[in-house]
Amino acid sequence: MKRMVLSLILVSMMVGLSGCATKVDLSRFRDVPLPSHVSQNNLNTRVISPKLSPSMTIDAGAWNSYAAAMQSYFLADNERAHIFQLDDYRGDRLHLALHNLASTKTFTPSRYISPPPKSKRRGHYTQSYWSYYLTNSVTATLSLAQGGSPKYFEASTSLSYTTYGDYASEVPREKYLESLQNTLDRLLRDMANTMMPNGMIVAKKVAIDNEKEAIFMINMGSLEGIGAEQRMLLYKANTFNNTLEGRIVDTLQSATGRVSNQVMPHNAWIVLDNQGQNNVVEVGDSVRPVY
């Protein structure tokens, strides 16, 4: 009986968690006319992803045997994530440097576990095991094709795993590669957050039965690295007059949101985290993905 109750609780939790996904049924919404100050031509603007040369250089130091794998992993991850367009002539030049690739291990011996008082069960011995902890650090220098100061990025990750028994083993190459892959993925995301240009809100819909419920289309989609549940930051232009510098246009963060399940190659529908801000966000506002 207890097992049945526990199973029902777990199923209920899984159903509840699955319901948290940002799902949008477009048939429930109707179009909202464009604001008079927004030009349809401006809304047709497509986000251009930054360009990167695939011919990167890598300094792996004492771990030079991992250099080729680092390049392969970075390019493969970029292909999956759709961050940079590869262009050997007009792309930015990337230099990766591996500064640390280390591991430590700790042994935990077997120990005897006594049975509870007045229990008919016998005591038992735990299994001995070794714990392995891997660390690495990678920096990236991006030399811009159009000139200007290079951009610098750094990422590091750790990886741990366990083997059972009294005898230690050498850390396999595959584990070092896995830890490096995690770091390069983080590095690519950091670069995307800096290098990818802002998008724009290009359309708005409100629910047919509730005008306070709204969704917004952005001019970025799967081919710009946008995926369901991705976090979005929304900005509104703020124009003011400065006596020294004249007319200045600044941007202020107005809301945050999430990408829904409606993702297309160059567009996606997003939902604001706070539906009370639906009347604040307008077509033409800027949007910045968080990778």
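This is a predicted model: local features need pLDDT of at least 70, side-chain atom pairs count only at pLDDT 80 or more; totals for chains, interfaces and linings use all residues.

Modeller: Residues are numbered from 1 along each chain as its sequence is written, and side-chain values use heavy atoms, with hydrogens and water left out.

Colleague: What is the average pLDDT of the protein, and what share of the residues score at least 70?

Modeller: pLDDT is the predictor's confidence in each residue, from 0 to 100. The protein averages 89, and 88% of the residues reach at least 70.

Colleague: Why does Arg-28 count as partly exposed?

Modeller: Buried means under 20% relative accessible area, exposed over 50%, and partly exposed in between (1.4 Å probe, protein chains only). Arg-28 has 32% relative accessibility, so it counts as partly exposed. For the protein, buried residues make up 35% of the 291 residues.

Colleague: Where does Arg-28 lie, and what is it in contact with?

Modeller: Arg-28 lies in the loop between helix H1 (2-18) and strand E1 (29-31). Helices (H or I, at least four residues) and strands (E, at least two) are DSSP runs, numbered from the N terminus. Leaving aside neighbours within four places in sequence, the contacts of Arg-28 include Val-206, Asp-209 and Glu-213. The C-alpha atoms of Arg-28 and Lys-205 are 9.4 Å apart, although 177 residues separate them along the chain.

Colleague: What makes E3 and E9 edge strands in the open sheet?

Modeller: The sheet has four strands in the order E3-E5-E8-E9, with mixed pairing. Two strands pair if DSSP finds at least two bridges between them. Strand E3 (57-59) and strand E9 (151-164) each have a single partner strand, so one side of each is left without a neighbour in the sheet.

Colleague: How many bridges join E5 to E8?

Modeller: Strand E5 (residues 93-108) and strand E8 (residues 129-143) run antiparallel and are joined by 15 bridges. In E8, Tyr-129 is the bridge partner of Thr-108. Helix H4 (residues 173-195) packs on this sheet, touching E5, E8 and E9.

How values were computed
Contact means heavy atoms within 4.5 Å. Axes are lines fitted to C-alpha atoms, for helices over the stretch in contact, and angles run from 0 to 180 degrees between N-to-C directions.
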